[in-house]
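Please examine the sequence and the structure shown below before reading the report.

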Amino acid sequence: MSKTNTATATGLVAGYGTTEVLGPLNLTLKPGVTALMGRNGSGKTTLMRTLCGIIPPLDGTCEVLGAVVADGASVRSKVGYLGHASALASALTVEQNLRFWADITSTYPDAASVPTEELISQFDLDALLSKKVSSLSRGQRQRVDLARLAMTDPTFIVLDEPLSGLDPVYAAQTRDLLSEWGETRTVLYSTHSVPEALHLAQHYLVVSGRQLIDLGADAHRPVSEAEILAVLEDTP
Ligand SMILES: Nc1ncnc2c1ncn2[C@@H]1O[C@H](COP(=O)(O)OP(=O)(O)OP(=O)(O)O)[C@@H](O)[C@H]1O
């Protein structure tokens, strides 16, 4: 697996309008799974949305694969983002949503295009195809959202609390998916579960104050649950 940087932030200040939430901070993300932790309201979602180009930095720059994430356009096909809110149209069926997103993503510059049939099979969506998204459970909807995200075969995958609220079977499947993606791609996901992060991720970041504390990779130094909790408790 290549260990070159996939995403970097330099002097990044993230926030909204005149409200600064995080930074200035520097960050580099490499292939593997990185868990992003922090207290409620600490800025995890804000950081992830900024790294993906969904909201503009207030200062500094973000790059994905060496390209500046300015308005997101240049790197759109390389980034897969799953937020709290679904990107699916609730009045359309699963199949209509997948076709719609296949059309949209085919217009992205340099986009790889994973065949929809392949995604239907990989994400076990056959039984859901004719259902309206509004009738799906949260876990079912997330499966469709993940298939939508996987359409461009993104290199940088950013997932906002992808494991919360899932039943144990969906949760295990999603953990397996993240691990598999992490073998060749860079996965950044946020979580409030320290034990789950220690089990799943190889790298740990904690938002504390307006900064990011890098607790390193387990290959170099074991990180304990107590250490992560201590950083979280220390957060102003
Ligand atoms: N659209 C917005 N406009 C202005 N401020 C916002 C907006 N969205 C979030 N904030 C503020 O930014 C701060 C960080 O919020 P954010 O959602 O990034 O935190 P979080 O760490 O993801 O929280 P949680 O763990 O509760 O999901 C909060 O103070 C929040 O009120």
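This report treats the surroundings of the ligand, a strand pairing and a helix packing in turn.

The model is a predicted one. The residues around the ligand are Tyr16, Thr19, Val21, Gly38, Asn40, Gly41, Ser42, Gly43, Lys44, Thr45 and Thr46. Two elements each give two or more residues to this shell, namely β2 (19–29) and α1 (44–51). The most is given by α1, with three residues.

By residue class, the shell around the ligand comprises eight polar residues, two nonpolar and one charged.

Strand β1 (residues 7–16) and β2 run antiparallel and are joined by seven bridges. One of the paired positions is Thr8, whose bridge partner in β2 is Thr28.

The two strands, β1 and β2, form a hairpin with two residues between them. In the turn, Gly17 has a positive phi of about 60°. In a regular strand, side chains alternate between the two faces of the sheet.

## Packing of α2 and α4

Two packed helices are described by the angle between their axes and by the distance between the axes. For helix α2 (residues 94–105) and helix α4 (residues 138–150), the axes come within 10 Å and cross at roughly 20°. Because angles under 35 degrees count as roughly parallel, α2 is roughly parallel to α4. The crossing of α2 and α4 is right-handed.

On the α2 side, Val94, Asn97, Leu98 and Trp101 meet Val144, Ala147 and Arg148 of α4. The residues of this contact divide into five nonpolar, one polar and one charged.

Notes:
Residues numbered from 1 in each chain as written. Predicted model: local features only at pLDDT ≥ 70, side-chain atom pairs only at ≥ 80, totals over all residues. Near = placed C-beta within 6 Å. Helix = DSSP H or I, 4+ residues; strand = E, 2+ residues; numbered from the N terminus. Nonpolar A, V, L, I, M, F, W, Y, C, P; charged D, E, K, R; others polar. Pairing = 2+ DSSP bridges. Axes fitted to C-alpha atoms, helices over the stretch in contact; angles between N-to-C directions. Parallel < 35°, antiparallel > 145°, perpendicular 65-115°, else oblique. Left-handed = near helix turned anticlockwise from the far one by under 90°. Contact = placed C-beta atoms within 7 Å.
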